[in-house]
Amino acid sequence: MYAELHYGMILNIQYIAQATFSVNLPYMQKICISFLFVFIAICAGAQTQPFTGTKNKKAETLFIQALKADQFNDTRTSLTNLKRAVEMDSNFIDAWMLLADIKEKNELYDEAIDIYLKVIRLNDKFQIPYYKVGRAALDNGRYKAAVNYLTAYKELKGNQIEQSKVDRALKTAVFGLNAIEHPVPYNPINLGPNVNTNLNEYFPGVTVDEQMLVFTKLHPPYNEDFYVSRKKDGNWSEAQNIGEPINTEGNEGSVSLSSDGQYIFYTACQRPQPGDNDQSCNIYFSALDGNTWREPRHLGIPVNSSFWESQPSVSFDGKTLYFSSNRPGGFGEHDLWYTTYSKGRWSAPVNLGPEINTAGSEQSPFIAKDDQTLYFISDYHEGMGGMDIFISRKQPDGRWGKPVNIGFPINTHMDEAGLIVSANGEDAYIVSDRQGGYGGLDIYAFKLYEDARPLKTGYVKGVV
């Protein structure tokens, strides 16, 4: 069967099928789809691709075995067979392409790029490796290379990849290149060993007076708990487990503190309520009774649903709650919603609208204390690739303004986890796995540059 088709054509059509349907099909079904698209392409007079297979039967057999192994995520077997195949035929482009794809899938971008470039040297008329180099370079933060090779793919009039995907990748590469050339002020300071450890610390929440910090710590193999640190003489104290009834054997994450630190909203998953079998993530609430946290309460319908509700952020006055959800009625994978509290009830959630939400994923909202400035992360608004942090400001008519990318180096080619901003509008907190930390994700503080700040808000502190 394989001898009747060029392997390059099979791989090309598989890329098209995956890009078009976005599904993982069984191996033989993919081959059937490949033949169907080959037939359509021939009938439509599509541009002929160069031969990328091999006449070496042993190399051919090894390649087929590598394809099968890759379909079952047996990376070791696939790599072994591919390396043997290219040793038998160093011009076997399809084997090189699959080898590079596996490297790219495992985030070995430099190795993948080197192989794609080798393929281009073997046959500079083969179009797909130009796109693949550009895509891998983009994922690795090499924006200039991404621009060059994505542009080359378009100039070759490549037709194997959906045009909108190529255009979007090129737009991201151009934005990233420009952002690096125009960095914003950024000097993150690690919160130190009393907060950060060799484990992952993330999702910070801070009171309006910046005297109490609550964050999530991930214990291996996978158990998330809340920890609390208090500021003493300008330094954060050794973080303590917040304890029961907030922490349980399950996972607790993404906390939002009220301004006075007297109550919290947070996310917990796979905790079905009486009368239902909801295994998704929902939002919970707890209040301090003296120095003891009360039994958490599930926010219930209409805020929570059988879908995913997470990452709450409560407004300064405690009357509006923002969160991310994949519930129906949105614009994409995850949207931002809000609900308001009145007369002892939370209202039906309202979508923040197309100014904020996209066909992609919007998450980790943080409403600043001015109630006019919203920070969130998105993988679809114009950015540097992956999840970037954006700012939107409320307009006089109550709608949210066009989101603005917060800029490099706060945003990078990696996924950002969002940020929170203190009441003074200057001090911000962010999560990063940057070098020089204590291991894994750490929490950092930094001075937010002026154009990205919310309005300053005041508060009165006292004891009643």
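Mentor: Start with Asp233, which counts as exposed at 80% relative accessibility; exposed means over 50% relative accessible area, buried under 20% and partly exposed in between, with a 1.4 Å probe and protein chains only. This is a predicted model, where local features need pLDDT of at least 70, side-chain atom pairs count only at pLDDT 80 or more, and totals for chains, interfaces and linings use all residues. Residues are numbered from 1 along each chain as its sequence is written, and side-chain values use heavy atoms, with hydrogens and water left out.

Trainee: Where is Asp233 found?

Mentor: Asp233 is in the loop between β4 (223–232) and β5 (235–236). Strands here are DSSP runs of E with at least two residues, helices are runs of H or I with at least four, and both are numbered from the N terminus. Asp233 is not a glycine, yet has a positive phi of about 55 degrees.

Trainee: OK. And which loop holds Asn73?

Mentor: The one between α3 (57–71) and α4 (75–88). Asn73 has a positive phi too, about 60 degrees, and is not a glycine. Asn73 counts as exposed, at 60% relative accessibility.

Trainee: Switching to peptide bonds. Is the one from Glu244 to Pro245 cis or trans?

Mentor: That bond is cis, with omega near 5 degrees. Pro245 sits in the loop between β6 (240–241) and β7 (252–257). Another cis bond joins Ile301 and Pro302, with omega about 10 degrees. Pro302 lies in the loop between β11 (297–298) and β12 (309–314). Most peptide bonds are trans.

Trainee: What about Phe366, buried or exposed?

Mentor: Phe366 is buried, at 10% relative accessible area. Its place is in strand β17, residues 362–367.

Trainee: And what does Phe366 touch?

Mentor: Leaving out residues up to four places away in sequence, Phe366 touches Ser313, Thr373, Leu374, Tyr375, Leu419, Ile420 and Val421. A contact means heavy atoms within 4.5 Å. Phe366 and Ile420 are 54 residues apart along the chain, and their C-alpha atoms are separated by 6.1 Å.

Trainee: Now the whole chain. How many helices and strands?

Mentor: The protein chain has nine helices and 23 strands. Of its 464 residues, 53% count as buried. Among contacts with a separation of 6 or more, 52% join residues 24 or more positions apart.
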